[in-house]
Amino acid sequence: MKVVKTIDEVRAQVREWRAQGLTVGLVPTMGYLHEGHASLIDASHRDNDRTVVSDFVNPMQFGPTEDLESYPRDIERDAKLVEEHGGDIIFNPEPSEMYHEGFSSFVDMTVLTQELCGLSRPVHFRGVCTVVSKLFNIVKPDRAYFGKKDAQQLAVIRHMVDDLNMDIEIIGCPIVREADGLAKSSRNTYLSEAEREAALVLSKAVFLGMDMVKKGEKDCSAIIGEMKKLIESEPLARIDYVKIVDCATMQQITCLDRPALCAMAAYIGSTRLIDNFFTEDV
Ligand SMILES: Nc1ncnc2c1ncn2[C@@H]1O[C@H](COP(=O)(O)OP(=O)(O)OP(=O)(O)O)[C@@H](O)[C@H]1O
Ligand SMILES: CC(C)(CO)[C@@H](O)C(=O)[O-]
Ligand code: BAL
């Protein structure tokens with residue numbers, strides 16, 4: 001398992017694999033890896049001959065008041081996890097390697113990014129689409145793996161690949177949770193003990209919503225109302241949004257008459273966390 005810092009090194013390695021007729025999977029991450037990331041690496045290792053894990057805290061997807069500086073980083077720990085899960089390379093570039101002097105081309109999207117996290121993080125998806133396009137061009141993978149925890153991101157990437165005719169299969173992987181239900185996230189490390197306890201209200205709200213859907217509730221405002229009530233009962237939690245949207249378009253719907261995503265974001269103290277469920281997974 002190698003940690004490489006430059007685009008040329010990744011390209012040379014992938015070229016060598018291609019010459020041997022091997023398939024390549026890509027797992028894009030921002031590092032500080034946990035079992036959620038590990039499940040993506042496992043899936044890639046299962047489906048492909050070789051797996052590249054990118055480990056890059058992408059400045060372009062952070063707004064000016066967001067946590068770019070404090071985002072946790074530990075490449076040695078990450079390297080161990082990638083090796084244990086059968087990854088072959090970690091691509092861990094410096095920002096200057098990805099964004100050279102004079103960089104001025106962007107990949108952006110309308111519609112799907114004007115809802116949910118896109119409303120609270122207006123520059124986020126332009127940064128994600130741009131960096132993921134670059135990673136796709138650098139690695140040229142057969143398949144790329146994304147977690148359903150970032151459900152809107154998964155929909156945006158699928159749409160981008162379709163719009164721009166990128167010849168890459170996008171695989172969505174289930175949310176991995178802590179034993180008590182909290183969705184695993186690198187940002188969980190920001191939580192104090194009391195906040196960690198309070199953060200459980202998010203997964204509890206997800207399970208409550210799933211239960212209502214299972215029992216046949218079709219009225220989105222009834223489901224959202226109960227989930228919000230639960231989150232609001234936790235004094236350390238502040239809701240950013242709880243919404244139900246069409247899976248493909250990310251536009252809000254009022255009745256569960258098609259495959260839908262129920263997504264939420266909430267601040268626990270100053271840490272913004274997300275969670276969700278897809279009705280088709282209930
Ligand atoms: N709990 C999880 N289950 C499944 N996939 C996950 C989980 N957490 C992250 N991922 C996926 O891993 C990939 C890289 O995500 P990222 O590095 O931002 O991790 P993260 O833990 O979500 O970090 P953050 O705290 O920034 O949200 C994304 O495709 C994301 O959806
Ligand atoms: C896809 C991604 C690696 C792009 O920086 C990031 O948004 C993430 O970690 O989900
Ligand atoms: N997993 C999404 C990365 C971000 O929040 O910027």
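## Arg 126 and its contacts

Leaving aside residues up to four places away in sequence, Arg 126 touches Phe 106 and Asp 108. The model described here is predicted. Arg 126 is part of helix 6.

Thr 110 is 16 residues from Arg 126 along the chain, and the C-alpha atoms of the two are separated by 9.7 Å.

## Surroundings of ligand 2

The shell around ligand 2 consists of Pro 28, Thr 29, Met 30, Asn 58, Gln 61, Val 128, Val 131, Val 132, Asp 150 and Gln 153. Two or more of these residues come from each of strand 2 (24–29) and helix 6 (124–139). Helix 6, which also holds Arg 126, gives the most, with 3 residues. By class, 5 residues of the shell are nonpolar, 4 polar and 1 charged.

Six strands form an open sheet in the order 1-4-3-2-5-6, with parallel pairing. Strand 1 (2–4) and strand 6 (169–173) each have a single partner strand, so one side of each is left without a neighbour in the sheet. From one strand to the next, the twist averages 25°.

Strand 2, which contributes to the shell around ligand 2, pairs with strand 5 (residues 143–147) in the parallel sense over 2 bridges. Gly 25 stands opposite Arg 143 of strand 5.

## Helix 2 across the strands

Helix 2 (residues 35–47) lies across strand 2, strand 3 (50–55), strand 5 and strand 6. Its direction makes an angle of about 155° with strand 5.

Key. Residues numbered from 1 in each chain as written. Chains lettered and ligands numbered in written order. Predicted model: local features only at pLDDT ≥ 70, side-chain atom pairs only at ≥ 80, totals over all residues. Near = placed C-beta within 6 Å. Helix = DSSP H or I, 4+ residues; strand = E, 2+ residues; numbered from the N terminus. Nonpolar A, V, L, I, M, F, W, Y, C, P; charged D, E, K, R; others polar. Contact = placed C-beta atoms within 7 Å. Pairing = 2+ DSSP bridges. Axes fitted to C-alpha atoms, helices over the stretch in contact; angles between N-to-C directions.
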